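Let's walk through the contacts in this one, first inside a chain and then between chains. Keep the viewer open as you read.

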Protein chains: 2
Amino acid sequence: MTAAALMTAGAARLARAADDSTAIPGKRPMILHNDRPEDLETPVRYFDSWLTPVDAFFVRQHIPRPATIDPAAYRLTVNGMVSKPLQLTLADLQKLPQATVPATIECTGNGRGFYTPKVPGIQWGRGAIGNAEWSGPRIADILRAAGASSSAAFLETDGADVGVASTPDFVRSLPMKKAMHPATILALKMNGQPIPDIHGFPARLIVPGWDGTSSVKWVIRLSAAAEANKGFFMNPGYRYPKYALPPGTPARPAELEVIEGMPVKSSITAPEDQSKLALGAITVRGFAWAGEQAIERVEVSTDGGSRWHDAQLSSPKLPFAWRLWHLDWRPSDPGYYTILSRATDSSGRVQPIVAVWNPSGYLWNAIDRVGVTVEKA
Amino acid sequence: MTAAALMTAGAARLARAADDSTAIPGKRPMILHNDRPEDLETPVRYFDSWLTPVDAFFVRQHIPRPATIDPAAYRLTVNGMVSKPLQLTLADLQKLPQATVPATIECTGNGRGFYTPKVPGIQWGRGAIGNAEWSGPRIADILRAAGASSSAAFLETDGADVGVASTPDFVRSLPMKKAMHPATILALKMNGQPIPDIHGFPARLIVPGWDGTSSVKWVIRLSAAAEANKGFFMNPGYRYPKYALPPGTPARPAELEVIEGMPVKSSITAPEDQSKLALGAITVRGFAWAGEQAIERVEVSTDGGSRWHDAQLSSPKLPFAWRLWHLDWRPSDPGYYTILSRATDSSGRVQPIVAVWNPSGYLWNAIDRVGVTVEKA
């Protein structure tokens, strides 16, 4: 490791150091964190379009994939606090009104590798995130068809993946208010095509604006319930401190809360960290998103954060989906430059300079930074 | 070292780790980096007044102090490109019109300990800086008395300290334009009293707004010259890269320039980094200065840099001297908070988030940060 690399905290270089030449079927070469189950990070050079192609979309699996589901045999059980329990076929789901929702999905631990002190878990850099167009029936329509009780406060969702040995089953609960939101769907398609097995075929919950873990894959059961599931993936998994403790401190379980909407953030995708560029026109690019909010503004600094310039933002301006941004920059001198990006959302949230350290390394959203050397042309 | 301390880069904890119980005559207990020659850092808790008391003022010596100068025997030689070379006694200097200049003096390496990767040299934290009222004759008056040539471009200043063995003599040169500035003086007094020996008795050059090295102690010779001195303390000492190179890269000597005016910066002096506080009213305090500019604004963030609040600034608003600032803060919840301060000067310069790394670790001026734990009262 060069001394230079020490300056920009961990994950970017870890990401580069990881092997991105190992192809997984259906995927371009990705940054491979694990191959069984697959944990694949998107190299930032693939982030050049508003919709992330399926073959470049990151993958986070907790448990090895279930056996490929036969679409003819697939059944979705809808039960719990409902007046008409259902067993729906894929054809039944396809007959319901279909909604299309552009939504960014981000691993809760995206950017974990940037935290100091280090925390256990996959050392994701910038690439455990992607933006896709998801299509399928609304959860609200499915629950209405089943006659869900108005006193049910939570929707419990079970994926077909089953824990091996001591690994717990993957079950998540969602407050009914979010489940009934018209943008919350049971996606059957991703970017217009059937969802690939690796992303949850045939049906994946999409909870726009919330952490990726909420968007359960291979959904086989939806249950209306009075209370949230108490299993591992709700507690202690995917919880965040209500009150931050000093970096390096263990969590206080009683003060951990379930993660819901995601924070405001931006990432720089070009130029790459520690790259060398010729003096001349340089385009700084990236993406920004803000959970349930829309991105209002992205500013870029090329002098380490003294002066800021408004980046050009892609349209449309939507909640749930990211916006791409770019800024044309023409440095007048050679030298080493620290480039930063800072996003502001429609509710006025602004990216912080320092992300809140937490024992699981969740929700990294500090102002992003890369260092580049500009050389005489 | 606790894991928590890892998050806030080096110097604060180095400063705390250093021994601040060793008293040097005439000084309160200071952070001792060296005792011969004396390199003493001011603990931030002493920074509670606009004028830093002499007994709390930092000390940076390059060479062991010269033998104490007998005021009756003291002579200042004024020579070089002058029509009337002079030998001035202390009484002669006292008879010239006396100017009083409040000026902040800062070691060029103040904050060096915050750089990553580490650089050699004293690992100063926040305390190699102080603000005092300096009084004495203007250099312009002394040079006029000696009939300095209008074609002299530099003033060379020699201190009575002499290098031991291979250590070079301490000689600095100043462009004549700065030397002739009405605020550039040969100080005989510091905060109204004769300058203590440790700070340059009986006469110290004060070059307001420039790096501390310019303010030569124990001045025994002023020479008008056509060119700048080429000795060690002008080259390679106290030079800064014209073009920054990637962190960890050696300097390119041809691209190093003499340091002149200092950048804009602020430091947080209370609460102390990694301290614990009771929930309730908390005052965040510090100082800010901007070399030859005045401080226009200081903003404080208590949420890691998302939102900023204007701090109250002390008057007067002057070039060369710092302003103290404070902000009353009442956190509503317990937890760990990252507090930041960001200064803006009268010329519109704003502190950066990332300071420019350089091989000598000079001019650290990134937005300052401390982490504090607020506990239930």
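Three salt bridges turn up across the interface of domain 1 of chain A and domain 2 of chain A. Bear in mind that this is a predicted model. D368(A) and R126(A) pair up through their side chains in a salt bridge, at 2.7 Å from N to O.

Which secondary-structure elements build the domain 1 side? Helix 1 (3–7), helix 2 (11–17), strand 6 (98–106), strand 7 (129–137) and strand 15 (239–241) of chain A each put in at least two residues of the side of domain 1 that touches domain 2 of chain A. Strand 6 of chain A gives the most to that side, with four residues. Sorted by class, the domain 1 side that touches domain 2 of chain A holds 25 nonpolar, 16 polar and eight charged residues.

Now step back to the domains themselves. In chain A, the domain assignment puts domain 1 at 3–258 and domain 2 at 265–375. For the contact, domain 1 of chain A brings 49 residues and domain 2 of chain A brings 35 residues. Their C-alpha centres sit 25 Å apart. Interface size is often quoted as the accessible area lost when the parts come together. Here, domain 1 and domain 2 of chain A bury about 3,600 Å² between them, with carbon and sulfur atoms giving 62%. W50(A), Y115(A) and R126(A) account for 20% of the area that domain 1 of chain A buries against domain 2 of chain A, more than any other three residues. R126(A) is also the salt-bridge partner of D368(A).

On to the chain–chain interface, where 34 residues of chain A touch 34 residues of chain B.

| Interface | Buried area | Share from carbon and sulfur atoms |
|---|---|---|
| Domain 1 and domain 2 of chain A | about 3,600 Å² | 62% |
| Chain A and chain B | about 2,700 Å² | 67% |

Between chain A and chain B there are two salt bridges. E255(A) and K376(B) join side chains in a salt bridge at 3.9 Å, N to O. Polar contacts between chain A and chain B come to eight residue pairs, both residues at pLDDT 80 or more. On the chain A side that touches chain B, helix 1, strand 24 (335–345) and strand 25 (368–375) of chain A each supply at least two residues. Strand 24 of chain A gives the most there, with five residues. By class, the chain A side that touches chain B splits into 19 nonpolar, nine polar and six charged residues.

Methods
Residues numbered from 1 in each chain as written. Chains lettered and ligands numbered in written order. Predicted model: local features only at pLDDT ≥ 70, side-chain atom pairs only at ≥ 80, totals over all residues. Heavy atoms only, no water. Domains from an automatic or database assignment. Contact = heavy atoms within 4.5 Å. Buried area = accessible area lost by both parts, 1.4 Å probe. Salt bridge = Lys/Arg side-chain N within 4 Å of Asp/Glu carboxyl O. Nonpolar A, V, L, I, M, F, W, Y, C, P; charged D, E, K, R; others polar. Polar contact = N/O pair within 3.5 Å; in protein donor to acceptor, adjacent residues only side chain to side chain.
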